[in-house]
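Welcome! Have a look at the structure below, and then we will walk through it together, beginning with a pair of helices.

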Amino acid sequence: MAEAEMETLVPALTITGASCQGCAKKIRAALEPLTGSTDRVEVDLENQTVALPADTDLADASQRVTDAGYPAEPLWQPALSVSGATCQGCARKIRNALEPLTGAPERTHVDLEKQTILLMPGIDRNEAAERVTEAGYPAQPLNEEEPAEPEQPEPEPNTAHQTPEPDKAPEVEAPAPASHDDQVQLSVTGATCASCVATIEKALMSVRGVTGAHMNLADNTATATGDADPDALVQAVESAGYGATVIEDPDAADEQKQAQDRKQYRDMMVKMAVSLGLGIGLMAYGMGFGSMMISDANQLTWINLGILTFAVMVVTGGHFFVGAAKAFRHHNANMDTLIALGTGTAWIYSMVVSLFPGVFPDMARHVYFEASAMIIGLINLGQALELRAKGKTSEAVRRLLDLRAKTARVIRDGEEQDIPVEQVRKGDHIRVRPGEKLPVDGVIVDGNTRIDESMLTGEPMPVNKASGDEVSAGTLNTHGSIVYEATRVGSETALAQIIRLVKKAQGSKPAIGRLADKISAVFVPSVMLVAVVTALAWFNFGPDPRVVHMMVAATTVLIIACPCALGLATPMSVIVGVGKAAEYGALIRQGDALQTAGKLDLVILDKTGTITEGHPAVTHVHAAEGGEDELLALAAGLEQHSEHPLAEAILERAKSDGAPKRSVIGFEALNGKGVQGELNGEPLRLGNRRWLESEGIDLAGLDEAARAITDEAGTPLFLARGGRALGVIGVADAIKEDSEAAIRRLHDAGIRVMMVTGDVQATAEAIARKAGIDDIRAEVLPEDKAEIVEEMRRKGHTVAMVGDGINDAPALAAADVGFAIGTGTDVAIESAAITLMRGSLHGVADAIQISRATVRNIHQNLFGAFIYNTLGIPIAAGVLYPVWGILMSPILAGAAMSLSSVTVVTNANRLRLFKPRHQSETQEGN
Amino acid sequence: MATVLVNLAGLVLMGAIVWWFWLSGSGDAGARHDHH
């Protein structure tokens, strides 16, 4: 969590009624969708305030906390009106100008849309207005009374999923905030790292009318929510230094992106060939036919070659210079800056030498045109290779996209017709033949079959489906022909939701990645300083020709210092890791969850539906007289009138065993005892021991069978006809076949396993024994589960909670990582950090193993990038020269830099080959 | 003379880098982005 703590959280809301850690948990959970992590919410119970990241949408935040049961209000008040603040750069200047008053830049909210500045109470508004005006933005203090007591934000029932908008508060008097749900999707080019994501999102947020922006690095698309003009969005992204086009048809986006990638790859390879060709040509010419030292004989030739080099640099490396200039104007420096400075320096030096050789001492009349050309060529080559490798990392999403059927055979007016899947409406009846993919979600109305759902759930065996069963889009009909009714179409299908979720998680950043971003942000300007220091050192202390050495060393430092590897290290691994997890049926919502899941040392399992099947089933049938079928037939005859879950279990078993239900009359359910009826004039009773014994029935002969049932956590139901005991039926919520193997895998991974259940101690112990659980908490109320999770966290454990995602929601949210198991419903997906698409606990072990592998991969990448820079920069600066006389060539630096990013991407790709251990057990288990 | 000028230029350049990227306009280093 150390990385998360580096972010400054600012007191942002006042709350009432939060009295304990449980409340704090609930508030953190309620705000998690806004902040991305519960670690980015601090609840101060003593002062009844909540601290949040500076850019949180306070209106939304206070609404969410209020909805969670703790009336909340934003702490901030609109204090100043301002004019001329048009972009995030202005907002920063204003924050900095107010820093002496507020204590930290984050303590100022600038609402660009409403041209308002929000401050915390107690800050002198007149002085603040003066300071902002001095900073170049005329500001006026706002009337203190009107918003001093901010009104309770009005409930907005449909804003729960509104994307956060920074710098916005509800109480500002201004045109109503845009609450449109319109979304514009852009295809973005040039965004290659996590920091680009932030820049593009900021650029989009600065466009009037935008209420939310999300850039997805995994597929290079940006989504802006609100009612902004699409052209303005494109312009905003372009002015931030990237390319953008509006995606008219989201379905075509993927193809569009692939086509774009292919084109970009081709372009880069051509550019690479041209610039590298020129560089090699120049080198060959200089070394073979002429000289790289300017003389009267070759001066004109080199001037011409210099002009040619310039032309090639503009054509093949122009984008570096344009990017560098744009960044520079915004007081930013990026990789383009280093490349532009490095190659630019080499070219300018060479050109000055060529034009005015007399100014330089003889030994310094060397030209480096070939270096400029070759560096640009090598970097283009590196980027092309990177692009290609990156394409592979998003294969998981592409594979999911490929699952979508293009057409559906719909039965309309009694006729079957093939129509594009987009035209399928809810309620349509669709025929699917064996071997075909299901186009939309629905319920089978006719036929039965086996359906391969492995692509969605990771469950390897086809599942039997019959009339009334639900089926999902993207799954494969392997057996019979079925007709089903469409219930969810288009973007509502489970498949579409999974794709959205995976894409979003792939674009998200775990804490470790945010740390890397912070480092790389200060990195580039620091490298520029190092380059100047290097140049001066060579100039003052180096051997002759000093000017040449100075130029070469500075250029090499600029070129070799590549934070690209640092910037790529995390996102690339996250993209692969999240995709890999999805392949095994574990949907990860946040990069943070991926990181935390790798650190888990305690897994708390809910019993019902998690370890067990979640519904009672008959486990034992023991007849004292007559056959088992007769016993079941009599019990089923009684229970067919009952709606109790135990009755369902008995009816189910009777049906599957082919035992016909006997007809029983005079049915009566006796609460806490059982059920009774009449068969051929004799009373027939099915119920617990106490009741039957109180009716004078002797159950002694069934004791042993009953004990076997209770030993396995089952409930014995005794059946008696008249005064005779006929037998006993054991009903239990059976442990899933593979729970034990999955728990063993968790143990193997060094993780303790605890079970929480509402059952009595004896039942819980029986299940724990059978499933191999280390620790149990029995007789726990659902609302106390979160408290147990809290307690374990306080003891220093990193805790995962595994539950069914609905009644376990508070505990799921309280845990470091919440796993919703086996449902795949919207509720589950929203409430847990990780959703397991199939009902097996193996998913937990798989997800943990994949997380560990991903975090290991990120560490390797970061370590590699760090080592590369810590070794590369001093060598480039010439530390080896005094001892061995080695000074690195700028060309070699260019090659090393390209190699470093290619290495990181390749290492991330290696993750694709990762397979969770014991996967074979999963298959056996199913 | 040339030596003094070059050193002076270097120092001015360093000052300019610090001023432009850290002190002026933006205190927010996080806005910078690397491009590869």
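From H11(A), the residues A:Leu338, A:Ile339, A:Leu341, A:Gly342, A:Thr343, A:Thr345, A:Ala346 and A:Tyr349 take part, and they meet A:Val547, A:Val548, A:Met551, A:Thr555, A:Leu558 and A:Ile559 of H17(A). Sorted by class, the residues of this contact are 10 nonpolar, four polar and no charged.

Helices (H or I, at least four residues) and strands (E, at least two) are DSSP runs, numbered from the N terminus. Contact means heavy atoms within 4.5 Å. Axes are lines fitted to C-alpha atoms, for helices over the stretch in contact, with angles from 0 to 180 degrees between N-to-C directions. Angles under 35 degrees count as roughly parallel, over 145 as roughly antiparallel, 65 to 115 as roughly perpendicular and the rest as oblique. A crossing is left-handed if the near helix is turned anticlockwise from the far one by less than a right angle, and right-handed if clockwise. Nonpolar covers Ala, Val, Leu, Ile, Met, Phe, Trp, Tyr, Cys and Pro, charged covers Asp, Glu, Lys and Arg, and the others, Gly among them, are polar.

## H17 and H32

H17(A) also has a meeting with helix H32 (residues 890–910) of chain A: their axes come within 8 Å and cross at roughly 5°. That makes H17(A) roughly parallel to H32(A). On the H17(A) side we find A:Val552, A:Thr555, A:Thr556, A:Ile559 and A:Ile560, which meet A:Pro890, A:Ala893, A:Gly894, A:Ala896 and A:Met897 in H32(A). This contact has seven nonpolar, three polar and no charged residues.

## H2 and H3

The crossing of H2(A) and H3(A) is right-handed. A:Ile27, A:Ala30, A:Leu31, A:Pro33 and A:Leu34 of H2(A) meet A:Asp60, A:Ala61, A:Arg64 and A:Val65 of H3(A). Here the classes are seven nonpolar, no polar and two charged residues.

## Two buried residues

A:Ile430 lies in strand E15 (residues 429–432) of chain A. With a relative accessibility of 0%, A:Ile430 counts as buried; buried means under 20% relative accessible area, exposed over 50%, and partly exposed in between (1.4 Å probe, protein chains only). Beyond its neighbours within four places in sequence, A:Ile430 is in contact with several residues, including A:Ala408, A:Val424, A:Pro439, A:Ile482 and A:Tyr484. A:Ile430 and A:Ile411 are 19 residues apart in sequence, and their C-alpha atoms are 5.9 Å apart in space.

A:Val576 belongs to helix H18 (residues 564–583) of chain A and, at 4% relative accessibility, counts as buried. Its C-alpha atom is separated by 6.9 Å from that of A:Asn909, 333 residues apart along the chain.

What is the phi of A:Asp413? A:Asp413 has a positive phi of about 50°, although it is not a glycine. A:Asp413 sits in the loop between strand E13 (407–412) and strand E14 (415–420) of chain A, and its 80% relative accessibility makes it exposed.

A:Glu779 is another residue other than glycine with a positive phi, near 50°. Its place is the loop between strand E31 (775–777) and helix H27 (785–794) of chain A, and at 53% relative accessibility A:Glu779 counts as exposed.

## The two chains overall

Chain A contains 33 helices and 34 strands, and 56% of its 926 residues count as buried. Among contacts in chain A with a separation of 6 or more, 70% come from residues 24 or more positions apart. The accessible surface of chain A is about 38200 Å², 54% of it from carbon and sulfur atoms; such areas come from the Shrake-Rupley method with a 1.4 Å probe, and for residues only the protein chains shown count as cover.

Chain B has one helix and zero strands. Of its 36 residues, 39% count as buried. Chain B exposes about 1900 Å², with 82% supplied by carbon and sulfur atoms.

## How to read the values

Residues are numbered from 1 along each chain as its sequence is written, while chains are lettered from A and ligands numbered from 1 in the order in which they are written. In this predicted model, local features need pLDDT of at least 70, side-chain atom pairs count only at pLDDT 80 or more, and totals for chains, interfaces and linings use all residues, while side-chain values use heavy atoms, with hydrogens and water left out.
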